[in-house]
Amino acid sequence: MTEFGYFLSCEEFTPAELVEQARLAERAGFTRLAISDHFHPWNDAQGSSPFVWGVIGALSQAVPLPVTTLVTCPTVRLHPAVTAQAAATADVQLAGGLRLGVGTGEALNEHVLGDRWPPYEVRAEMLAEAVAVLRELFTGGLVSHRGAHYTVENARLYTPPKDGRLPVYVSAFGPKAAETAAEFADGLVTMGPDTELIGRYRAAGGRGPVVGGLKVCWSADRERAVETAHRLWPSELLPGELAQVLPTPRHFEQATELVTEEMVGQSVTCGDDPEEHLDRLRSYVGAGFDEVYVGQIGPEQEGFFDFYREQILPQAA
(Lines give C-alpha, C1' and ligand atoms only; values in the text may rest on other atoms or scores of the structure.)
Protein backbone atom coordinates (compact mmCIF):
# COMPACT_ATOMS: atom_id res chain seq x y z
CA MET A 1 0.00 0.00 0.00
CA THR A 2 1.26 3.48 -0.88
CA GLU A 3 2.25 5.71 2.02
CA PHE A 4 1.71 9.46 1.85
CA GLY A 5 4.17 11.89 3.37
CA TYR A 6 4.65 15.63 3.47
CA PHE A 7 7.38 17.34 1.43
CA LEU A 8 9.21 20.07 3.35
CA SER A 9 10.66 22.71 1.02
CA CYS A 10 13.86 24.26 2.35
CA GLU A 11 13.84 26.66 -0.61
CA GLU A 12 10.62 28.32 0.48
CA PHE A 13 10.43 28.19 4.28
CA THR A 14 12.49 29.03 7.36
CA PRO A 15 13.66 26.32 9.77
CA ALA A 16 10.95 27.24 12.29
CA GLU A 17 8.26 27.12 9.60
CA LEU A 18 9.48 23.71 8.42
CA VAL A 19 9.31 22.30 11.94
CA GLU A 20 5.79 23.65 12.41
CA GLN A 21 4.74 22.15 9.06
CA ALA A 22 6.07 18.79 10.23
CA ARG A 23 3.86 18.99 13.33
CA LEU A 24 0.85 19.91 11.20
CA ALA A 25 1.63 17.06 8.80
CA GLU A 26 1.65 14.50 11.60
CA ARG A 27 -1.70 15.77 12.92
CA ALA A 28 -3.18 15.66 9.42
CA GLY A 29 -2.33 11.99 9.00
CA PHE A 30 0.80 12.07 6.87
CA THR A 31 3.03 9.19 7.94
CA ARG A 32 6.43 10.34 6.66
CA LEU A 33 8.43 13.45 5.83
CA ALA A 34 10.71 14.34 2.94
CA ILE A 35 12.96 17.38 2.80
CA SER A 36 14.90 19.11 0.05
CA ASP A 37 18.63 19.89 0.32
CA HIS A 38 19.69 23.16 -1.33
CA PHE A 39 22.33 25.83 -0.94
CA HIS A 40 20.28 28.31 -3.03
CA PRO A 41 16.55 28.56 -3.67
CA TRP A 42 15.44 28.28 -7.30
CA ASN A 43 14.52 31.99 -7.37
CA ASP A 44 14.63 34.96 -5.04
CA ALA A 45 10.85 34.86 -4.50
CA GLN A 46 11.22 31.56 -2.63
CA GLY A 47 13.68 33.34 -0.39
CA SER A 48 15.07 30.64 1.90
CA SER A 49 17.59 27.80 2.05
CA PRO A 50 18.63 26.57 5.51
CA PHE A 51 21.23 23.84 6.04
CA VAL A 52 19.20 20.66 5.79
CA TRP A 53 21.07 18.67 8.46
CA GLY A 54 20.37 21.28 11.10
CA VAL A 55 16.68 21.23 10.19
CA ILE A 56 16.55 17.43 10.36
CA GLY A 57 18.02 17.58 13.86
CA ALA A 58 15.19 19.90 14.89
CA LEU A 59 12.60 17.65 13.21
CA SER A 60 13.87 14.68 15.20
CA GLN A 61 12.92 16.48 18.41
CA ALA A 62 9.53 17.70 17.15
CA VAL A 63 7.84 14.68 15.54
CA PRO A 64 8.34 10.90 15.48
CA LEU A 65 8.05 10.60 11.69
CA PRO A 66 10.81 9.14 9.48
CA VAL A 67 12.57 11.56 7.14
CA THR A 68 13.88 11.10 3.58
CA THR A 69 16.19 13.59 1.86
CA LEU A 70 14.87 14.40 -1.62
CA VAL A 71 17.61 14.70 -2.52
CA THR A 72 21.13 15.25 -1.21
CA CYS A 73 24.11 15.56 -3.54
CA PRO A 74 27.13 13.90 -1.82
CA THR A 75 29.64 14.59 -4.57
CA VAL A 76 30.78 18.21 -4.97
CA ARG A 77 29.71 20.75 -2.33
CA LEU A 78 29.97 18.11 0.41
CA HIS A 79 32.52 15.30 0.30
CA PRO A 80 30.89 11.86 0.77
CA ALA A 81 32.76 11.38 4.07
CA VAL A 82 31.21 14.57 5.48
CA THR A 83 27.80 13.57 4.11
CA ALA A 84 28.19 10.18 5.77
CA GLN A 85 28.81 11.77 9.17
CA ALA A 86 25.86 14.15 8.78
CA ALA A 87 23.50 11.39 7.66
CA ALA A 88 24.62 8.95 10.35
CA THR A 89 24.07 11.53 13.08
CA ALA A 90 20.63 12.38 11.68
CA ASP A 91 19.72 8.69 11.60
CA VAL A 92 20.66 8.29 15.26
CA GLN A 93 18.58 11.35 16.15
CA LEU A 94 15.65 9.88 14.21
CA ALA A 95 16.02 6.48 15.94
CA GLY A 96 16.86 4.80 12.64
CA GLY A 97 14.28 6.78 10.66
CA LEU A 98 16.48 8.45 8.02
CA ARG A 99 16.38 7.43 4.38
CA LEU A 100 19.17 9.06 2.39
CA GLY A 101 17.93 10.10 -1.03
CA VAL A 102 20.86 11.12 -3.26
CA GLY A 103 21.32 12.44 -6.76
CA THR A 104 23.85 13.90 -9.18
CA GLY A 105 22.86 17.42 -8.17
CA GLU A 106 22.42 20.81 -9.80
CA ALA A 107 24.97 23.48 -10.60
CA LEU A 108 22.69 25.87 -8.69
CA ASN A 109 23.88 24.34 -5.42
CA GLU A 110 27.14 22.61 -6.22
CA HIS A 111 29.16 25.31 -8.00
CA VAL A 112 29.44 27.56 -4.95
CA LEU A 113 32.96 26.47 -3.99
CA GLY A 114 34.24 27.15 -7.50
CA ASP A 115 34.54 23.51 -8.50
CA ARG A 116 34.07 22.51 -12.13
CA TRP A 117 30.54 21.31 -12.88
CA PRO A 118 31.09 18.08 -14.82
CA PRO A 119 28.81 16.52 -17.47
CA TYR A 120 26.19 14.00 -16.43
CA GLU A 121 28.28 10.92 -17.26
CA VAL A 122 31.04 12.05 -14.89
CA ARG A 123 28.53 13.07 -12.21
CA ALA A 124 26.96 9.61 -12.40
CA GLU A 125 30.37 7.99 -11.85
CA MET A 126 31.01 10.31 -8.92
CA LEU A 127 27.67 9.43 -7.36
CA ALA A 128 28.25 5.68 -7.62
CA GLU A 129 31.67 6.03 -5.98
CA ALA A 130 30.29 8.36 -3.32
CA VAL A 131 27.55 5.87 -2.40
CA ALA A 132 30.16 3.12 -2.04
CA VAL A 133 32.15 5.36 0.34
CA LEU A 134 29.00 6.22 2.31
CA ARG A 135 28.08 2.59 2.79
CA GLU A 136 31.56 1.62 3.93
CA LEU A 137 31.64 4.43 6.48
CA PHE A 138 28.14 3.58 7.73
CA THR A 139 29.49 0.26 9.05
CA GLY A 140 31.47 2.14 11.71
CA GLY A 141 34.73 0.55 10.62
CA LEU A 142 38.01 2.27 9.75
CA VAL A 143 37.93 3.35 6.11
CA SER A 144 40.67 4.31 3.69
CA HIS A 145 39.64 4.76 0.06
CA ARG A 146 41.47 6.01 -3.00
CA GLY A 147 39.23 6.08 -6.04
CA ALA A 148 38.85 7.96 -9.30
CA HIS A 149 37.11 10.88 -7.62
CA TYR A 150 37.49 10.65 -3.83
CA THR A 151 40.12 9.97 -1.21
CA VAL A 152 39.29 8.98 2.36
CA GLU A 153 42.11 8.35 4.81
CA ASN A 154 41.78 6.65 8.21
CA ALA A 155 38.17 7.74 8.65
CA ARG A 156 35.78 6.17 11.11
CA LEU A 157 32.29 7.19 12.17
CA TYR A 158 32.17 6.89 15.93
CA THR A 159 28.45 7.68 15.74
CA PRO A 160 27.38 5.35 12.92
CA PRO A 161 23.78 4.85 11.79
CA LYS A 162 21.52 3.16 14.29
CA ASP A 163 21.62 -0.26 12.57
CA GLY A 164 25.11 -0.03 11.05
CA ARG A 165 23.61 0.68 7.65
CA LEU A 166 21.37 3.28 6.11
CA PRO A 167 19.19 2.87 3.00
CA VAL A 168 20.37 4.98 0.08
CA TYR A 169 17.75 5.87 -2.53
CA VAL A 170 19.01 7.17 -5.88
CA SER A 171 17.29 9.80 -8.00
CA ALA A 172 16.75 9.13 -11.70
CA PHE A 173 14.82 11.12 -14.32
CA GLY A 174 15.42 9.10 -17.48
CA PRO A 175 15.59 5.44 -18.58
CA LYS A 176 19.40 5.34 -18.70
CA ALA A 177 19.66 6.92 -15.26
CA ALA A 178 17.08 4.48 -13.88
CA GLU A 179 19.01 1.48 -15.18
CA THR A 180 22.25 2.87 -13.73
CA ALA A 181 20.56 3.48 -10.38
CA ALA A 182 19.37 -0.13 -10.33
CA GLU A 183 23.00 -1.25 -10.03
CA PHE A 184 23.57 0.26 -6.59
CA ALA A 185 20.40 1.84 -5.16
CA ASP A 186 18.29 0.66 -2.22
CA GLY A 187 15.34 2.44 -3.78
CA LEU A 188 14.41 4.75 -6.65
CA VAL A 189 13.52 8.45 -6.45
CA THR A 190 11.68 9.97 -9.40
CA MET A 191 9.23 12.85 -9.30
CA GLY A 192 6.72 12.04 -12.04
CA PRO A 193 4.38 9.00 -12.27
CA ASP A 194 6.40 7.46 -15.10
CA THR A 195 5.41 3.79 -15.33
CA GLU A 196 7.95 3.07 -18.08
CA LEU A 197 10.86 4.47 -16.08
CA ILE A 198 9.89 2.44 -13.02
CA GLY A 199 9.63 -0.64 -15.22
CA ARG A 200 13.12 -0.06 -16.59
CA TYR A 201 14.45 0.25 -13.04
CA ARG A 202 12.81 -3.01 -11.97
CA ALA A 203 13.82 -4.85 -15.15
CA ALA A 204 17.45 -3.85 -14.55
CA GLY A 205 17.32 -5.47 -11.12
CA GLY A 206 16.32 -2.40 -9.12
CA ARG A 207 15.08 -3.19 -5.65
CA GLY A 208 13.51 -1.35 -2.76
CA PRO A 209 10.78 1.27 -2.70
CA VAL A 210 9.92 3.74 -5.44
CA VAL A 211 9.66 7.22 -3.96
CA GLY A 212 8.31 10.40 -5.53
CA GLY A 213 7.02 13.85 -4.75
CA LEU A 214 4.79 16.55 -6.13
CA LYS A 215 3.84 20.11 -5.35
CA VAL A 216 0.28 21.38 -5.13
CA CYS A 217 -1.17 24.76 -4.24
CA TRP A 218 -4.33 24.48 -2.17
CA SER A 219 -6.52 27.56 -1.82
CA ALA A 220 -10.24 28.22 -1.77
CA ASP A 221 -9.45 30.74 -4.54
CA ARG A 222 -8.06 28.81 -7.51
CA GLU A 223 -6.87 31.94 -9.34
CA ARG A 224 -4.88 32.96 -6.28
CA ALA A 225 -3.40 29.47 -6.07
CA VAL A 226 -2.28 29.56 -9.70
CA GLU A 227 -0.72 33.01 -9.17
CA THR A 228 1.12 31.76 -6.08
CA ALA A 229 2.42 28.64 -7.81
CA HIS A 230 3.53 30.69 -10.82
CA ARG A 231 5.31 33.25 -8.64
CA LEU A 232 7.14 30.71 -6.48
CA TRP A 233 7.65 27.57 -8.58
CA PRO A 234 7.72 28.30 -12.34
CA SER A 235 10.97 26.30 -12.41
CA GLU A 236 8.89 23.11 -12.11
CA LEU A 237 8.04 23.53 -15.80
CA LEU A 238 11.57 23.96 -17.16
CA PRO A 239 12.38 21.28 -19.75
CA GLY A 240 15.39 19.04 -20.25
CA GLU A 241 18.62 19.59 -18.33
CA LEU A 242 18.17 23.29 -17.55
CA ALA A 243 17.52 22.57 -13.87
CA GLN A 244 20.87 20.76 -13.66
CA VAL A 245 23.06 23.29 -15.45
CA LEU A 246 21.84 26.82 -14.63
CA PRO A 247 24.09 28.18 -11.86
CA THR A 248 22.17 30.94 -10.06
CA PRO A 249 18.62 31.89 -9.03
CA ARG A 250 18.85 34.83 -11.43
CA HIS A 251 19.43 32.46 -14.36
CA PHE A 252 16.32 30.51 -13.33
CA GLU A 253 14.34 33.74 -13.16
CA GLN A 254 15.43 34.55 -16.69
CA ALA A 255 14.60 31.08 -17.99
CA THR A 256 11.16 31.00 -16.38
CA GLU A 257 10.08 34.29 -17.96
CA LEU A 258 8.66 32.04 -20.69
CA VAL A 259 6.52 30.11 -18.19
CA THR A 260 3.01 31.59 -18.03
CA GLU A 261 0.33 31.35 -15.35
CA GLU A 262 -1.78 29.36 -17.81
CA MET A 263 1.00 26.79 -18.18
CA VAL A 264 1.29 26.48 -14.41
CA GLY A 265 -2.47 26.14 -14.02
CA GLN A 266 -2.46 23.26 -16.48
CA SER A 267 0.46 21.43 -14.88
CA VAL A 268 0.22 22.05 -11.12
CA THR A 269 -2.79 20.95 -9.07
CA CYS A 270 -4.23 24.23 -7.78
CA GLY A 271 -7.38 25.07 -5.83
CA ASP A 272 -9.68 23.08 -3.58
CA ASP A 273 -11.34 20.51 -5.86
CA PRO A 274 -10.86 17.19 -4.00
CA GLU A 275 -11.11 15.12 -7.18
CA GLU A 276 -8.23 16.98 -8.82
CA HIS A 277 -6.00 16.32 -5.83
CA LEU A 278 -7.12 12.69 -5.56
CA ASP A 279 -6.65 12.04 -9.26
CA ARG A 280 -3.11 13.37 -9.06
CA LEU A 281 -2.22 11.17 -6.10
CA ARG A 282 -3.85 8.12 -7.65
CA SER A 283 -1.69 8.54 -10.76
CA TYR A 284 1.32 7.87 -8.53
CA VAL A 285 -0.37 4.91 -6.85
CA GLY A 286 -1.24 3.45 -10.24
CA ALA A 287 2.33 3.89 -11.48
CA GLY A 288 3.64 1.74 -8.63
CA PHE A 289 4.98 4.25 -6.12
CA ASP A 290 5.53 3.04 -2.57
CA GLU A 291 5.89 6.51 -1.04
CA VAL A 292 4.46 9.80 -2.32
CA TYR A 293 5.32 13.15 -0.72
CA VAL A 294 3.04 16.15 -1.22
CA GLY A 295 4.30 19.70 -0.72
CA GLN A 296 2.04 22.75 -0.35
CA ILE A 297 3.20 25.86 -2.22
CA GLY A 298 2.77 29.18 -0.49
CA PRO A 299 1.45 30.45 2.83
CA GLU A 300 -1.92 28.70 3.15
CA GLN A 301 -0.48 25.80 5.10
CA GLU A 302 -3.16 25.28 7.74
CA GLY A 303 -5.93 25.24 5.14
CA PHE A 304 -3.98 22.68 3.12
CA PHE A 305 -3.49 20.37 6.10
CA ASP A 306 -7.17 20.62 7.12
CA PHE A 307 -8.19 19.83 3.54
CA TYR A 308 -5.89 16.80 3.27
CA ARG A 309 -6.85 15.49 6.71
CA GLU A 310 -10.58 15.71 6.03
CA GLN A 311 -10.99 15.13 2.29
CA ILE A 312 -7.87 13.61 0.70
CA LEU A 313 -5.84 11.24 2.83
CA PRO A 314 -8.82 9.08 3.93
CA GLN A 315 -9.58 8.39 0.25
CA ALA A 316 -6.17 8.54 -1.42
CA ALA A 317 -5.12 4.91 -1.10
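Let us begin with helix α12, residues 274–287, and helix α13, residues 301–316, whose axes lie 10 Å apart and whose packing angle is about 40°. That angle makes α12 oblique to α13. The crossing in which α12 passes α13 is right-handed. Please bear in mind that this is a predicted model.

Which residues bring these two helices together? From α12 come P274, H277, L278, L281, R282 and V285, and they meet F307, Y308, Q311, I312, Q315 and A316 of α13. Sorted by class, the residues of this contact are eight nonpolar, three polar and one charged. The numbering within each helix deserves a remark. An α-helix has 3.6 residues a turn, so residues three or four places apart point the same way.

I turn now to a second pair of helices. Helix α1, residues 15–28, and helix α2, residues 52–62, cross at roughly 35°, and their axes come within 10 Å. Here, too, the crossing is right-handed. On the α1 side the contact is formed by P15, L18, V19, A22 and R23, which meet V55, A58, L59 and A62 on the α2 side. This contact has eight nonpolar residues, no polar residues and one charged residue.

Let us stay with α2 for a moment. Which of its residues are buried? They are V52, W53, V55, I56, G57, L59 and S60. Of these, V55 and L59 are buried and also take part in the contact with α1. What covers the buried residues of α2? The cover includes helix α1 and helix α3 (80–93), together with the strands β1 (3–8), β2 (32–35), β3 (67–69) and β4 (98–102).

The protein chain has 13 helices and 11 strands. Its radius of gyration is 19 Å, close to the 20 Å that the globule rule gives for 317 residues, so the chain is as compact as a globular protein of that length. Along its principal axes, the C-alpha trace spans about 60 × 40 × 40 Å.

How much of the chain is buried? Buried residues account for 55% of the 317 residues. As for contacts along the sequence, consider those between residues at least 6 apart: 72% of them join residues at least 24 apart.

Thank you for your attention.

Methods: Residues are numbered from 1 along each chain as its sequence is written. This is a predicted model: local features need pLDDT of at least 70, side-chain atom pairs count only at pLDDT 80 or more; totals for chains, interfaces and linings use all residues. Side-chain values use heavy atoms; hydrogens and water are left out. Axes are lines fitted to C-alpha atoms, for helices over the stretch in contact, and angles run from 0 to 180 degrees between N-to-C directions. Helices (H or I, at least four residues) and strands (E, at least two) are DSSP runs, numbered from the N terminus. Angles under 35 degrees count as roughly parallel, over 145 as roughly antiparallel, 65 to 115 as roughly perpendicular and the rest as oblique. A crossing is left-handed if the near helix is turned anticlockwise from the far one by less than a right angle, and right-handed if clockwise. Contact means heavy atoms within 4.5 Å. Ala, Val, Leu, Ile, Met, Phe, Trp, Tyr, Cys and Pro count as nonpolar, Asp, Glu, Lys and Arg as charged, and the others, Gly among them, as polar. The radius of gyration is taken over C-alpha atoms; the globule rule is 2.2 Å times the number of residues to the power 0.38. Buried means under 20% relative accessible area, exposed over 50%, partly exposed in between (1.4 Å probe, protein chains only).
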